[in-house]
Amino acid sequence: MGDLRVELYGELVGHLVGTDRRTFDFVTAKNAIDTFGLGSTILSESVPFDLISNRSRASRRRNFFAELLPEGTALDTLAAEIRVSNDEVIALLAQFGRDVAGAVQIYDPEAPGEPRTPALAPLDAAEVGRMLTNTQTAPLGNRPKSGRTSLAGVQDKIVLARQDNQWFQVLEGYPSTHIVKPPSVRFPTITFDEEYGFRAAKAAGLTTLDAWIENIGGIPGLVIERYDRSPDAPQGRIHQEDMNQALGASKNEKYQELGGKVSLKRIANVLGRDGNRDSVEQLLRLLTVSQAVGNLDMHGKNISMLHLSDGTTRITPAYDVVPQTHHDSDGKMALAVNRKYAHAAITIDDLIAEGESWNVHTPRAIITSALEAVDDFVRFETPVEQAYVGLQDDIARFTRNLLDGRPTGGGR
């Protein structure tokens, strides 16, 4: 295996040198500096383009690339498919790095079959249905040998391209456009609860994209339009990184209590660099909506930023806004709000204090507006039939408690 080539927006930006998971490193290509500038963080806040790499930050550079891979069973299965251990980052990216989150493409230019020709394979509904029931043995819907896709996360999912209402399997690094999540065996309503949470986030202005439940080949799946894909972007991809990558956190360090690298204030600081106050205010809206709907899993990998091709940044549209308080959980938020983790105990004053700690100028107005949007939404829009039966009532109660100054979980 040769050094892996790392491309961003179709431009060579560097190489992953070495194969050992503990010592491999990213080496910036001269082209990256010529194109994007010395010190540019367009690839990652953790991987600036430097002529001479800072050795003390090597582990953060390695972490950025490791965090492009999935978690849990999906990672184990991908590793087993190519007969390596699940921490062999270089070997995994060499095989599955052609289509990852954002606009990065990673591959071994010396591998047989290079250069690859990205392609689409049309799928009928029955084939998609089979893929949705087979996510444990074929993660992400990858086809053996020609599947080149990786996507972070624990939840079962497949990635597909959709054109003119036709589904396609993506091959050899063709950019997928949609994520499809099947029902969960452990939490039978969670996929359908997520659809309602997504609609609530959209009602509050946190995304303009679409998500819907679609029965495909007899399997009801949650179809989600990818925010990091666009026909108007170079090669159809928009670059992004999650806050684990930006802050140098690994795996379960996405939870504040595990490692302490990720917090809402640190995320706000990253988003607010270069004076981007709009993204910081949008983060406060995302936090408010997550509190209102009971999204306990707003962690470092569920908050991301876009790195646009012109060098500007902004928070991504909302994703994975999943109501969870009715599931078997400890009732804690993934990230503390005004030093509190217990969802039920958090009040609007805590949200305001958290926003003030980020130097948001009008946190009460922003928070109240978001809560009122959720309050209006839950009055008029109902969950799909397969969702948790008490979901609408729970969100209505959480939202009204917050607006009235009570703890979120107060009353019944």
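## Burial and overall shape

Buried residues make up 56% of the 412 residues in the chain. Buried means under 20% relative accessible area, with exposed over 50% and partly exposed in between (1.4 Å probe, protein chains only). This is a predicted model: local features need pLDDT of at least 70, side-chain atom pairs count only at pLDDT 80 or more, and totals for chains, interfaces and linings use all residues. Residues are numbered from 1 along each chain as its sequence is written, and side-chain values use heavy atoms, leaving out hydrogens and water.

The chain holds twelve helices and 15 strands. These are DSSP runs numbered from the N terminus: helices are H or I, at least four residues, and strands are E, at least two. The radius of gyration is 21 Å, close to the 22 Å from the globule rule for 412 residues, so the chain is as compact as a globular protein of that length. That radius is taken over C-alpha atoms, and the rule is 2.2 Å times the number of residues to the power 0.38.

## Helix 10

Helix 10 spans residues 348-357. Its buried residues are Ile348, Asp350, Leu351, Ile352, Glu354 and Gly355. They pack against helices 8, 9, 11 and 12, and against strands 14 and 15. Just after helix 10, Asn359 takes a positive phi of about 70°.

## Gln240

Gln240 sits in strand 11, residues 239-242. Is Gln240 buried or exposed? Gln240 is buried, with a relative accessible area of 6%.

Another, of 3.4 Å, reaches the side chain of Ser304. A polar contact is a pair of N or O atoms within 3.5 Å; within protein, one must be able to donate a hydrogen and the other to accept it, and residues adjacent in sequence count only if both atoms are side-chain atoms. Leaving aside neighbours within four places in sequence, Gln240 is in contact (heavy atoms within 4.5 Å) with residues including Ala101, Asp228, His307 and Thr316.

## Lining of a pocket

The lining of the second largest pocket divides into twelve nonpolar, twelve polar and six charged residues. Here Ala, Val, Leu, Ile, Met, Phe, Trp, Tyr, Cys and Pro count as nonpolar, Asp, Glu, Lys and Arg as charged, and the others, Gly among them, as polar. Strand 6, helix 9 and strand 13 each supply at least two lining residues.
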